[in-house]
Each structure stands twice: as structure tokens, then as C-alpha cells.
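Dear colleague,

I am handing over the structure we spoke about, and below it you will find a summary of what was found. Please read it with the coordinates open beside you.

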Amino acid sequence: MRLIASLLVAWALCALPAQGQSTADTSRIVTVGGSVTEIVYALGTGDQVVGVDASSVYPEAATEKPSVGYFRQLPAEGVLSLNPSLVLALEGTGPPTVLDQLRSAGVRTEVITDAPTVASAEQKIRTIAELLGRTAQGDTLVQQMKRDLAEARALRQEATSAPRVLFIYARGSGSMNVAGRGTTAEAMIELAGARNAITGFEGFKPMTAEAVVSAAPDVLLLLTRGLDSVGGVDGLVDQPGIALTPAGENRRIVAMDDLLMLGFGPRLGTAVKELTVKLHPELETASAAATQ
Amino acid sequence: MEPPVLTSERPEAERQDEAPASTNGRAAASMRAQHRRRVRLVLGGLIGLLAVAVGASLTLGAVAIAPGQVLAILAEQVGVSLPWAYETRQELVLTAIRLPRVLLAVGVGGGLAVSGAVMQGLFRNPLADPSLIGVSSGAALAAVITIVLGSTVFSAWSDWLGAFLLPAAAFMGGVLATVIVYRLATREGRTSVATMLLAGIAINALAGAGTGLMIFIADDDQLRDLTFWTLGSLGGATWTQLAVVGPVLLGGMLATPLLARPLNALLLGEGEALHLGINTEQVKKLVITLAALVVGAAVAVSGIIGFIGLVVPHLLRLAVGPDHRVLVPGSALLGGALLLGADLLARTIVAPAELPIGIVTALLGAPFFLWLLLRDRKRGTGYSF
């Protein structure tokens with residue numbers, strides 16, 4: 001009983017100073033979620049990071065930090081053993097009890113909301129910058145992102161095509177899923193001035209040969225690791241149905257780095273620019289001609 | 001814990017062990033004394049093992065807390081000051097994270113092992129474990145439904161129960177599947193153990209199909225969530241959780257020894273047990289109810305943890321024979337100690353990350369189980385009940 005009472009008191013004491021969006025003690029930060037880690041590094045506070053989760057694969061330096069594992073299955077004691085002063089966790093981090101346990105152990109734990117939109121990417125950067133007391137650097141990051149997005153928009157206006165793009169999430173040839181409506185991949189495809197070839201369902205569904213043929217995509221979009229896992233372009237074209245699509249016939253297959261493409265972090269502008277050029281070949285030749 | 005003096009109603013198998021000596025009364029008496037000493041030794045050893053496992057689990061972990069500090073923190077909770085200094089964070093880690101986790105591991109491990117022991121007794125089959133009566137697959141189906149549809153179809157429930165929705169659903173799913181299996185196997189007040197086994201297989205397959213359907217419509221995050229759930233974890237242990245499932249696990253473990261004598265009689269066969277004055281239908285009902293409640297509660301809070309329910313009673317049967325009066329309390333102790341050991345490995349081996357505990361129990365349990373099988377085949381004895 002006394003134990004429970006003392007825990008409640010401790011929780012209440014720790015919960016109080018954690019209110020509000022004031023600057024936190026940033027001496028030892030654990031970052032959870034690829035885009036959160038990326039933002040913390042982009043703000044120049046990478047040196048204070050003492051631990052990351054398994055999805056934090058960029059920048060390179062982050063991958064050398066101790067990993068606390070998968071972000072939806074965080075170990076409370078593992079995080080605490082890194083003696084953090086601040087835990088920055090992307091929305092969806094769990095289980096919820098672990099976040100409560102971290103807070104009850106007196107560790108300031110902030111959950112960063114996340115959505116596949118430009119506004120959310122900006123919000124993530126600003127929230128984290130404010131917590132780390134680096135609002136100026138945050139502004140610079142946001143401005144840079146907006147400049148890149150504006151350049152991407154300009155490119156998009158030059159583009160003459162609006163290809164139908166099929167995003168394939170592959171983990172080896174036995175496991176290939178395609179992105180439907182409402183996915184992060186679809187949001188990126190639209191930002192890059194193209195259309196999702198799938199309109200019939202929401203979320204990811206296993207890829208079937210007939211569905212691929214009826215979707216008739218002009219371009220196949222994969223993550224770099226995903227394309228490698230099916231044996232590159234040749235391996236992908238050999239998959240059932242792929243060769244019968246316009247994309248397969250013309251071998252129009254685009255690969256993007258996964259955190260860059262799906263993270264909606266500080267590199268969002270760069271990612272949209274890169275994807276826009278890759279999805280509209282007429283731009284590539286135009287820009288190549290311009291530089292010559 | 002002390003086994004009562006063995007009487008003539010001991011199971012046949014046990015008497016067979018001593019059969020060559022029974023021609024001579026004095027030799028038989030000395031065999032019995034030897035057996036009692038062995039039982040006492042094994043149970044004493046198990047209590048010691050559990051104590052060591054608890055001590056090690058409290059002391060070791062990702063956050064360093066010295067044994068003296070552990071003692072000092074625990075003593076402080078009951079108002080005694082010891083000379084070891086510690087930090088507030090260490091106290092919070094020990095009292096809010098490690099202690100509930102250790103107690104949960106003891107309860108879940110003991111509960112699973114005891115359920116395994118009584119199920120093996122009831123089915124008179126060394127391969128029986130609680131998953132036979134559908135409790136694990138029913139719980140898994142309910143948990144997977146909650147993970148996949150919890151935020152949409154069942155959002156009202158989810159808002160109301162919050163983090164308790166999944167454990168509550170898993171518990172109900174496990175119990176419901178068991179009730180179905182039991183009903184299918186019961187006709188005119190008689191439960192056929194063989195039908196129950198077959199009905200269990202069918203219900204497991206059905207639940208598996210339902211789980212597969214949920215996997216099909218799950219998104220990426222949900223898929224990973226449910227994969228992790230089926231690998232088990234004690235990481236979510238909190239005092240609130242313990243307060244809810246603790247009584248079920250403890251009550252089950254304390255009640256099962258009452259079934260020991262009837263289960264011993266059942267080993268002779270149902271007809272023989274009936275002639276010995278055992279209400280076999282009632283025994284079956286009690287065993288199934290206990291196993292469903294205990295395993296349902298365990299699965300609800302820790303996901304699916306394999307091999308404890310299967311291997312622990314086996315091990316003990318090898319050491320002390322098939323007498324349930326020893327087997328049941330021994331399984332509780334050994335199950336608790338083994339799960340604690342597995343959890344200790346799971347949370348330290350890749351620290352600061354954590355392995356799902358189901359990986360550890362299967363990784364240690366499966367080779368060990370094979371070794372037991374092969375060793376017994378070599379000796380030509382095999383398993384006898």
C-alpha cells in the first residue's frame with residue numbers, strides 16, 4: 001500500500017514540471033522514431049543523443065548510438081538505463097504503460113505528433129526545436145524545407161505528365177504489398193505531382209498479379225532496400241503481372257531511400273524534389289539540357 | 001509442501017518404479033523413505049532456485065542496482081533504513097518496473113507450469129499443454145482482433161477500457177474458446193477427454209483462420225504489434241495489472257494441489273478412478289476451469305509464452321515421478337524460476353533493447369526437450385505415466 005502511495009506521490013511530483021512546452025534539460029536525449037532522430041541531428045544536437053530506436057537509420061552517426069529496439073515495444077528499464085533527461089518519442093511509440101513508467105521515473109517524455117503532411121513535418125521541427133531551445137535553427141530548417149518544396153512545386157509545373165504510380169513495399173519476392181489510399185507513400189506520390197495507381201482500397205494489401213495488371217501503373221516506386229530484396233529491376237520485372245504493365249514494359253522503376261521517402265522529416269523538401277524528377281523523366285532531360 | 005505418507009492408492013506407474021523391491025516389505029519401506037527424501041530434496045532445491053532467481057532478477061538489469069541497494073530500497077518500503085545509499089531513479093526502477101515484473105514472471109511461469117501439469121494428468125498424455133483446449137488460440141484471436149479493429153470498430157470500448165481492452169479481450173477469448181471446446185466434448189453430463197482433444201484441434205484451427213483474416217486486413221504497425229504479442233513479453237508489468245491478474249494466478253496455483261489426489265487416481269484410467277470413489281466428471285470440469293482461468297489470465301498480460309507449460313512438468317516427472325501431490329507444487333516453483341530466468345536473459349542480453357520472451361523460452365526449451373526425448377530413447381524407457 002505504502003509502495004503504491006509513494007509511487008503515486010512520485011508520479012504527481014514528476015508530472016508537474018513536465019507540463020507546458022518550455023525548454024527541457026537536453027543533456028541526455030533518447031530519440032524514438034526515424035524522423036525525430038533526424039530532426040534532433042539536423043538541429044545540431046546530435047551530440048546530446050544517448051540512445052535511439054531501431055528505425056533511426058539517418059544520419060549515419062545515429063546508428064552508432066545504443067538502440068532501445070522497436071519503437072512500439074520500448075523497454076522501460078532499457079531506456080532508463082541510458083539515464084536520459086529527455087525522451088522524444090514519435091506518435092505511436094508504445095506501449096503506453098512504458099511512457100507512463102518513464103514519466104513516473106522522472107524522465108521528461110514528449111510525444112511528437114505525426115502525419116504524412118507538409119504541415120506536420122513543419123510542426124515536428126518547430127516542436128522539437130522549441131523543446132531543445134533551438135528555435136532559430138528550427139526556423140532555418142523549416143525555411144530550407146520550404147525552399148526545397150517551392151523548387152519541387154516549380155518543377156511540377158514544368159512537368160507535362162501525371163504518371164500513375166504503384167508503390168510496392170517489398171521484403172523479398174514472397175512478401176510484396178502495394179499502397180492504397182491514405183498511405184504515407186500516396187501522400188509523397190501526390191506531392192511529387194503524380195497519381196496513386198491504386199484507388200480501390202485503403203492501406204497496404206498483398207500484391208496480386210491481376211491487381212497489378214488492372215492498376216496499369218506507368219511507374220513502379222519502391223524503397224531501395226525493397227528493390228534489392230527482390231533482386232533489383234530484373235528480379236522485379238520477373239514478378240507475376242509486372243511485365244504486363246506499362247511500367248514493366250518500359251522498365252520504369254524508381255527506388256527511394258526509405259527514411260527519406262516516408263519519414264516526413266527535415267529532408268521532406270529534398271525528398272519531394274528528388275521524387276518529382278524521378279517520376280517525370282521529361283524534367284530530367286530538361287534539367288540535364290539546362291546544365292549542359 | 002511436505003508430501004503425505006504414500007498409501008496404497010498411489011498410481012500404478014509409481015508402484016511400477018518400485019516393483020522389483022515390493023516382494024520384500026522392508027526393502028519397499030526403505031525405497032519409500034528414499035523417495036520421500038528425494039522429493040523433499042527436490043522441492044527444497046526448487047524453493048532455493050526460485051529464491052535465487054528472484055534475487056538475481058531484482059539485482060540484474062539494464063539499470064545498475066547493487067544487491068545492497070536492492071535490500072535498502074525494499075527495506076525502505078516497509079519503513080526500515082539500511083546503510084546502503086541509492087538514487088531516487090534506482091528506487092523507481094526497482095519498485096515501479098522490476099518488482100512488478102518479477103512478481104508477474106513468478107505468477108505467469110508458475111501458473112502456466114501448473115496448468116500444464118494438470119492438463120497432462122487429465123489427458124494422460126505427456127504432450128498435452130493448455131493450448132490443447134483452445135485457450136491460447138482463443139486469446140490470440142481476441143487479442144489480434146483488438147489490435148487490428150480496436151481503434152475503429154471497437155473504438156467505444158477502446159475509449160472506455162484504454163490499455164485494459166487488450167488483456168480483457170484476450171482473457172475472455174481464451175475462456176470462451178475453452179467453454180466451446182468443453183461443451184462440444186460433453187454429452188449427457190459426460191465429458192469425453194478424447195473428443196475434447198479433437199474439438200480443441202478444430203477450435204484451434206478455426207481461431208487460427210480468424211487470426212489469419214485479421215493479419216490480412218492489418219496495416220504495417222498492427223502487423224508488427226501482433227507479431228510481438230504472439231512472442232510474449234513481461235515488459236508491460238505494472239502494479240495495477242498485477243492487482244488484477246495476481247489473484248487469479250495465485251488462486252489457481254493454490255487451488256490445483258486440491259486436484260492432486262483425484263488426478264493421481266485418474267492416471268489409472270477413468271473407470272478405475274470412478275471405482276476409487278472419484279467424481280471424474282467434476283475433476284475434469286475443475287481442471288479445465290482452472291487451466292482456462294489461469295492460462296487466460298497469463299496470456300492476457302504477457303502474450304503467448306510457449307514451452308513453460310510443456311517442459312516444466314516433464315522435467316519434474318523425471319525427477320520425482322508422476323505423483324501430482326509433488327508435481328503440482330513443484331511445477332509452480334520451477335515454472336516461476338524458469339520464466340524469471342528466461343525474462344532475465346530477455347531483458348539483459350540485448351540491453352538497452354529487449355528480446356521477446358517467447359523467443360528465449362523456445363530457444364532454450366526446444367533443444368532441451370529434444371535432448372530429453374533422445375536421452376530417454378537411448379535408455380529405452382520413454383515416458384511412462
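**Backbone features in chain A**

A:Phe264 lies in the loop between α12 (258-262) and α13 (268-279) of chain A, where helices (H or I, at least four residues) and strands (E, at least two) are DSSP runs numbered from the N terminus. Although A:Phe264 is not a glycine, its phi is positive, at about 50°. A:Phe264 counts as buried, with 24 other C-beta atoms within 10 Å; a residue is called buried if 20 or more other C-beta atoms lie within 10 Å of its own, exposed if 12 or fewer, and partly exposed in between, with C-beta atoms placed from the backbone.

Please keep in mind that this is a predicted model, in which local features need pLDDT of at least 70 and side-chain atom pairs count only at pLDDT 80 or more, while totals for chains, interfaces and linings use all residues. Residues are numbered from 1 along each chain as its sequence is written, and chains are lettered from A and ligands numbered from 1 in the order in which they are written.

A:Arg251, also not a glycine, has a positive phi of about 50° and sits in the loop between α11 (246-249) and β10 (253-256) of chain A. A:Arg251 is partly exposed, with 13 other C-beta atoms within 10 Å. A cis peptide bond links A:Tyr58 to A:Pro59, with omega near -10°, and A:Pro59 belongs to the loop between β2 (49-52) and α3 (76-81) of chain A.

**Confidence and domains of chain A**

The mean pLDDT (the predictor's confidence in each residue, from 0 to 100) of chain A is 88, and 90% of its residues reach 70 or more. Over residues 11-20 of chain A, however, the pLDDT is below 50, and beyond near neighbours in sequence this stretch has 7 contacts in the model, a contact being two residues whose C-beta atoms, placed from the backbone, lie within 7 Å. Where pLDDT is low, the predicted coordinates should not be read in detail.

The domain assignment, whose bounds come from an automatic or database source, divides out domain 1 (2-114) and domain 2 (161-291) in chain A. Between them, 7 residues of domain 1 are in contact with 6 residues of domain 2. The domain 1 side of this contact comprises 4 nonpolar, 2 polar and 1 charged residues; here Ala, Val, Leu, Ile, Met, Phe, Trp, Tyr, Cys and Pro count as nonpolar, Asp, Glu, Lys and Arg as charged, and the others, Gly among them, as polar.

Chain B contains 16 helices and 2 strands, and its C-alpha trace spans about 65 × 60 × 40 Å along the principal axes. Of its 385 residues, 48% count as buried. In chain B, residues 24 or more positions apart account for 77% of the contacts with a separation of 6 or more. The peptide bond from B:Ala351 to B:Pro352 is cis, with omega near 10°, and B:Pro352 is found in the loop between α15 (324-348) and α16 (357-379) of chain B.

Where the chains meet, 28 residues of chain B are in contact with 31 residues of chain A. On the chain B side, the elements that give two or more residues are α4 (88-123) and α9 (220-231), and α4(B) gives the most, with 8 residues. By class, that side of chain B has 12 nonpolar, 7 polar and 9 charged residues.

With best regards
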